[in-house]
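Here is a short briefing on one protein model.

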Amino acid sequence: MALFRIILRCLYGLEKIWSFVIFKLRGSLSQKIDVLHQSDNFLVINKGHDIVINSNDPLVAESLHSILSKLYPSLVNPKLRHYFHFVHRLDFVTSGVLCLALNKKAASAAALCFENRSAKKYYMALVRGHVSGEIIDIKAAIGECSSEKNGNHKMCVEDDAECLAPRTAFTRLLVLERGLFAAYPASKVLLRPVTGRRHQIRVHCHYLGHTIVGDYTYSCGRDVNPDRTFLHALRLILPNAVEPLDIRTGDPFQNIDKTHGWIPVEKINDLQTAFTKIENDISLNL
């Protein structure tokens, strides 16, 4: 009996230690994501920047799908290669709204929204320089850059001699504020990609002559001082038949360090009215 009690105490001790480990693990992982909406159909999160969504590369120590599988083991679908139905994707450097479907019906309904372009995605970015004008339609076809095909998959516009198989791309940009970033001219903008090409917003901002602050790739390796690329998926509208969604985050750049970061000087558009303004006649410009 004495041995039995010792075994029970050891098991109880191990259970307490494991519970503590899980508690600490969940705490550290949850700092990288924030749940914005959860239902039987969808999980919508605020993804942190510099996190890959999924990867088969053994050298990638951490991915979003591995983080979510540890935080929400009950939502894991073992039949899927990466455990979850990712309705859409965000670049490694991009933070913001990301939607996961939790069943086949929801996944199909969400996919249909992207196929028929009824889904609407809005991004916020800080870009280099003061953007002239208020609303700009950027229409430049995008394809793979031949010199980067086996590297970081950098994209380029059709005017570039290295552009391979360019596809039509359309982004609308609306200026929210003009100001300074680390004492240099910069603008805060709202972006509405109508098409969905790889790196579309980053390529189109660079093409416009206003590369996103901190975008190492599209600044040709020159923009190295900021601790992140200042591109954020601000809002997602999915008018699907299973469960219509309209999810947004707050302004992620509002309270960043004003000593070495963003200082607004001139307000051009209020965010509340900007969503309506950026949609005006946008379908006529496809």
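Contact here means heavy atoms within 4.5 Å. By that rule, and leaving aside neighbours within four places in sequence, Ser 39 is in contact with Leu 102 and Glu 243. The model is predicted.

**Overall build**
- The protein has 286 residues, and 46% of them count as buried.
- Its secondary structure consists of five helices and 14 strands.
- Take the contacts between residues at least 6 apart in sequence: 67% of these join residues at least 24 apart.
- The accessible surface is about 15400 Å². Carbon and sulfur atoms account for 54% of that surface.

**The largest pocket**
- The volume of the largest pocket is about 1300 Å³.
- Lining this pocket are 45 residues, and those closest to its centre are Arg 89, Asp 91, Arg 197, Arg 198 and His 199.
- Three elements, β5 (120-128), β11 (184-193) and α4 (200-208), each give two or more residues to the lining.
- By residue class, the lining of the largest pocket holds 18 nonpolar, 13 polar and 14 charged residues.

**Ser 39 and its loop**
- Where is Ser 39 placed in the chain? Ser 39 sits in the loop that runs between β1 (33-38) and β2 (42-47).
- Within this region, the Ser 39 side chain reaches the backbone nitrogen of Asn 41, at 3.1 Å.
- Beyond its sequence neighbours within four places, the contacts of Ser 39 are with Leu 102 and Glu 243.

Methods. Residues are numbered from 1 along each chain as its sequence is written. This is a predicted model: local features need pLDDT of at least 70, side-chain atom pairs count only at pLDDT 80 or more; totals for chains, interfaces and linings use all residues. Side-chain values use heavy atoms; hydrogens and water are left out. On a 1 Å grid over the protein atoms alone, a cavity is a set of points where a 1.4 Å probe fits but cannot get out, and a pocket is an open set with protein on both sides within 12 Å along at least five of seven lines; lining residues have an atom within 4 Å of a point. Grid points are joined across faces, edges and corners, and a volume is the space filled by probe spheres set on the points. Helices (H or I, at least four residues) and strands (E, at least two) are DSSP runs, numbered from the N terminus. Ala, Val, Leu, Ile, Met, Phe, Trp, Tyr, Cys and Pro count as nonpolar, Asp, Glu, Lys and Arg as charged, and the others, Gly among them, as polar. A polar contact is a pair of N or O atoms within 3.5 Å; within protein, one must be able to donate a hydrogen and the other to accept it, and residues adjacent in sequence count only if both atoms are side-chain atoms. Buried means under 20% relative accessible area, exposed over 50%, partly exposed in between (1.4 Å probe, protein chains only). Accessible areas come from the Shrake-Rupley method with a 1.4 Å probe; for residues, only the protein chains shown count as cover.
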